[in-house]
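This report walks through one protein chain, element by element. Please look at the sequence and the structure before reading on.

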Amino acid sequence: MVSLYSNLLKHKLTLASTVIALIISAYFYSNKPYFLFLIGGIIFVYFLTLVFGSGLIQLNYFVNSINKGTNKGIALTFDDGPNPIITPQILDILAKENIKASFFVIGHKIEEQKELLNRIYSEGHTIGNHSFSHTKQLTTSSTKKLIEDFSLCSETIKNVINENPLFFRPPFGVTNPRYNRAIKNLNMMSIGWSVRSLDTKTNDVAKLYNRTIKKISTGSILLFHDTQEVTVEVLPKIIKYCKNNGINIVSLPELINEKSYE
Ligand SMILES: [Zn+2]
């Protein structure tokens with residue numbers, strides 16, 4: 001708990017939320033004794049930091065994630081596969097355009113899709129760990145349970161492609177101090193994103209296209225899901241936009257200057 005709070009206090013968000021909490025609690029408790037004012041403030045800060053700190057991967061609150069590249073260009077990443085219907089279509093598009101992307105795969109889906117995982121790898125794309133179970137329960141799991149789940153995913157990947165992945169993307173982008181310990185224990189690095197396409201939230205290709213290209217800048221890591229039909233439709237348009245605007249699409253290891261396997 002002490003380390004959690006010393007960790008929290010380092011961050012600007014905590015400072016900002018403390019000030020907001022004190023103002024709000026001062027308003028509500030202005031007629032009450034001081035300790036109520038203080039308790040209200042602390043509870044408010046606690047929940048605010050918990051919600052924003054664990055939910056927004058870009059804040060690097062509990063886990064230091066790589067959310068943007070240091071090199072020029074942008075990188076495409078796809079989560080939640082391998083999917084027998086969508087992933088091959090994405091691979092066809094990438095092959096046609098000669099683009100290397102990254103796939104953060106779910107361990108339990110690999111069992112049925114070993115050939116597809118092999119195809120992703122043999123076509124020069126990067127494979128990352130996106131947990132074995134990909135359940136919401138992971139957010140409340142112990143460090144030990146997280147290590148078990150994440151290492152099972154890595155083992156499943158290794159059994160197929162004979163490589164041990166170093167890139168890890170937290171399911172749902174949620175992080176907490178136990179994730180931090182589990183990821184460090186397994187010598188992996190957390191990979192976030194800077195552009196979230198929200199392709200799981202809409203089927204509107206034009207909306208998805210406009211929202212995505214608006215947010216692209218140098219070093220961007222784009223988040224898609226190779227589980228969505230709309231992603232197959234929008235991907236060629238985004239690639240065309242990048243080509244027309246001189247934006248290079250490079251592999252994730254190249255963009256962030258890190259090796260992807262042990
Ligand atoms: Zn996911």
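## A loop and the end of the chain

Thr70 lies in the loop between strand S1 (65–66) and S2. Helices (H or I, at least four residues) and strands (E, at least two) are DSSP runs, numbered from the N terminus. The model is predicted: local features need pLDDT of at least 70, side-chain atom pairs count only at pLDDT 80 or more, and totals for chains, interfaces and linings use all residues. Residues are numbered from 1 along each chain as its sequence is written.

Is Thr70 buried or exposed? Thr70 is exposed, because 11 other C-beta atoms lie within 10 Å. The scale is as follows: a residue is buried if 20 or more other C-beta atoms lie within 10 Å of its own, exposed if 12 or fewer, and partly exposed in between, with C-beta atoms placed from the backbone. Although Thr70 and Leu255 are 185 residues apart along the chain, their C-alpha atoms are separated by 6.3 Å. Leaving aside neighbours within four places in sequence, Thr70 is in contact (C-beta atoms, placed from the backbone, within 7 Å) with Gly219, Ile256 and Asn257.

Asn257 itself is found in the segment after helix H11 (252–256). Its phi is near 60 degrees, a positive value in a residue other than glycine. Asn257 counts as exposed because it has 10 C-beta neighbours inside 10 Å.

## The whole chain

The chain is divided into domain 1 (2–55) and domain 2 (65–256); these bounds come from an automatic or database domain assignment. The C-alpha centres of domain 1 and domain 2 lie 35 Å apart.

Eleven helices and eight strands are found in the chain. The radius of gyration is 20 Å, close to the 18 Å that the globule rule gives for 262 residues, so the chain is as compact as a globular protein of that length. This radius is taken over C-alpha atoms, and the globule rule is 2.2 Å times the number of residues to the power 0.38. Along the principal axes, the C-alpha atoms fill a box of roughly 70 × 40 × 30 Å. Of the 262 residues, 40% are buried. Among contacts between residues at least 6 apart in sequence, 76% join residues at least 24 apart.

## Strand S2 and its partners

In S2 (residues 75–79), five of five residues are buried. Ala75, Thr77 and Asp79 are on one side, and Leu76 and Phe78 are on the other. In a regular strand the side chains alternate between the two faces of the sheet.

S2 pairs in the parallel sense with strand S8 (residues 221–225) over five bridges; two strands pair if DSSP finds at least two bridges between them. Which residue of S8 is the bridge partner of Asp79? The partner is His225. Asp79 also stands opposite Phe104 in S3.

## Strand S3 and its partners

S2 and S3 pair in the parallel sense over three bridges, and Ser102 in S3 is the bridge partner of Thr77. From S2 the chain crosses through helix H4 (residues 86–97) to S3, and this β-α-β crossover is right-handed. A crossover has this hand if, with the strands pointing away from the viewer, the path from the first strand over the helix to the second runs clockwise.

In S3 (residues 102–105), Ser102 and Phe104 point one way and Phe103 and Val105 the other way, and all are buried. S3 also runs parallel to strand S4 (residues 126–129), joined by four bridges. Ser102 has Thr126 as its bridge partner in S4.

## The nonpolar core

In soluble globular proteins, nonpolar side chains tend to be buried together. The largest nonpolar core here has 54 residues, and those with the most contacts inside it include Ala75, Phe103 and Val105. Such a core is a set of buried Ala, Val, Leu, Ile, Met, Phe, Trp, Tyr and Cys residues joined through C-beta atoms within 7 Å.

Beyond four places in sequence, the contacts of Val105 include Gly81, Pro82 and Ile127.

## Two backbone features

The peptide bond from Gly81 to Pro82 is cis, with omega near -5 degrees. Pro82 is found in the loop between S2 and H4.

His134 is in the loop between S4 and helix H7 (143–161). It has a positive phi of about 55 degrees although it is not a glycine. His134 counts as partly exposed because it has 19 C-beta neighbours inside 10 Å.

Notes
Contact = placed C-beta atoms within 7 Å.
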